Amino acid sequence: MALFGFAVQKKPSMVDSILGGCVDRLADLHAQHVLLVRLKQTLQRQRAVAVHSRGAAAAVDAGDVGSAEQELALLLDACVGTSANEVRIAKGAIDAVTRPAKEQIVALLSQLGWPAPAASLHLNDKLVLARFSDALRNLARIHNTLSKSKIAHVITLDAPLACVFDPVLTRVKFHFFTSSSTNRIDKPEWLLKYVMQIIDDHSVFLDLMQDILNELPENTLLAKTEYISHMMLFVTDRIQFLALHSLDDSPLFSHLITEVIRFDKTLQKVHNYYRTRYPANLIHSGPLLDVFCQNPQLFRRWLDIEREVAQLRFNELMNVADPWIASVSASESIKHTMSSENLVDLLDIITDRYRNLSPVHQIAFIEGIQLSLLSRYLSAAKDRLNALQSTFEPAISDDAVLRKFSRLEASLKLTSGLDAVVQVVKRWGEDTLFLEMLEVFKTLTHANEIDPAKASMFVSVESDYGKVIRQVEGIVAEDCCQYVVESMWRFDQKKWNIHSTDSDPYDTESISPELQEALRYTSTILAMFDVCLPTKLRKDISRIFLGMLVDRLMVRPIGKCTFSEHGAVLLKKDVDALLGTFPVGVVRLVAGVKRFLSRFLSW
């Protein structure tokens, strides 16, 4: 209400105040009701947990395995929360229910002769084996119930088959964790070979266990994988200890890594132990090589050693009499030099050593080692090409001509080697390993705008090598054209305004004698292309070479000479002879040829 320009605020009435107080009171009462309901539910749940816990214990005491498992399942269903009390009660019930099965399994395994090799076990004792099978299935059923429970993610449990594998692990620890003569820091292969040997020794029995487990429709356990993982818990700690104590000894550290890589490969290829992820806290997973990736100090040391060794190997493959000679394994699509082939082999070896790492660590190897080697190889190739191109020598003798062609051949082989590297890295770029790596690389570098058609971990290599190859194509074609032109000096002086005195002016010699030497040079060069270059590169350089020759002919003799009809016919036959030395597919690609031929049609 406004009075004389002033606002007058209406005071709340007593009724409004009372109603407001009632509303606040109702809200408080509702909150208290919700709290009481939740408290009641919690008490009921805890009471149910306690009841089922006592029921499970009583069933265990009575030897009623089925009832014990049923009570445990009901207990886990009641544990919808994550309170410390519920977790404590649940763990106690789990221990109580699984203990009899574990104790029975241990006793029965002892009767079978475990952990002796499978060939020495008493597997003919059908009664003991049947009782062992029942106990193992009981334990597997309990594991399946636990893995499906609502609190599985907050309960830390032993591996489900630990009671089977602990005796084996005890033997491993005795040999490689005590003062035993087999526990040597300079002999990591002794530990890894021993572990591999006992896996082989027990494979038959592990397969038998798997058959027993597979009788349960809901089974998710893999006996051999569980077995290997149980061993790996110790082996991983031991390898980490050895790695940390050999950091300052490069040969020993490198030897350790090599043995670990060999061990991982055998586990994967022979025993199908891959990087499968299992329910949290139940099993060890991942390759043993992860030891060196999870510790930044160990990984940096590993990368430094790999880099040093790679650079040493690179120096060895380049410091030979002639690293640019053609490889005997050349094909039509890829024509390696010895150095390019050895480089690819070296890069393959490096890839194989980091293949099972995470993409982040794989990228460190590519950027820190492989791209550096590829860059060094390109620099060495450019230095060699510059040396070949800077050597000028007039073709005034047969020896000089041979030396010219020898330099040309060397340039062609070197270019083929560069092209071979490009073809290989293109193929690598399409490999799943590098495609997955690329996705991580784009995330790390925020490079999501990369053109998918050009995306590759080696895109910079393809670009840098491609630029040099295209430059060499032009230089080589120009040199080839120059070689041919130098041999055409008599052809350039030929008179084309002559007239025929024969009855048939077109029935003349097919090719001018002055062009014969140029045709021989051209044929020799193209034959050299066939031997030294892969198909695509050969077509590209031949096309550029022919285009330059045609342009030269357009200048001289066409641009400088006067032609009679008879002279034009002679020149046409000479040009046909020159074009005939080139593949038909190359001739069709050169636009200058069409322009050249159109000049004859206009006469």
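Predicted model: local features only at pLDDT ≥ 70, side-chain atom pairs only at ≥ 80, totals over all residues.
Residues are numbered from 1 along each chain as its sequence is written, and side-chain values use heavy atoms, leaving out hydrogens and water.

**View 1. Helices α11 and α12 side by side.** Here the axes of α11 (residues 338–354) and α12 (residues 359–389) come within 10 Å and cross at roughly 170 degrees. That makes the two helices roughly antiparallel, therefore. Contact means heavy atoms within 4.5 Å; among the α11 residues that meet α12 are Leu 343, Leu 347 and Tyr 354. By class, this contact has 11 nonpolar, 5 polar and no charged residues.

**View 2. Glu 306 paired with Arg 353.** A salt bridge puts a side-chain nitrogen of Lys or Arg within 4 Å of a carboxyl oxygen of Asp or Glu. In this one, the closest N and O atoms are 2.8 Å apart. Glu 306 sits in α10 (residues 296–318) and Arg 353 in α11, 47 residues apart. Both are buried (under 20% relative accessible area; exposed is over 50%, partly exposed in between, with a 1.4 Å probe and protein chains only).

**View 3. Arg 552 meets Asp 492.** Their salt bridge spans 2.6 Å, N to O. Arg 552 lies in α18 (residues 535–558) and Asp 492 in α16 (residues 489–492), so the pair ties together parts 60 residues apart in sequence. Both residues are buried.

Note on methods: Axes fitted to C-alpha atoms, helices over the stretch in contact; angles between N-to-C directions. Helix = DSSP H or I, 4+ residues; strand = E, 2+ residues; numbered from the N terminus. Parallel < 35°, antiparallel > 145°, perpendicular 65-115°, else oblique. Nonpolar A, V, L, I, M, F, W, Y, C, P; charged D, E, K, R; others polar.
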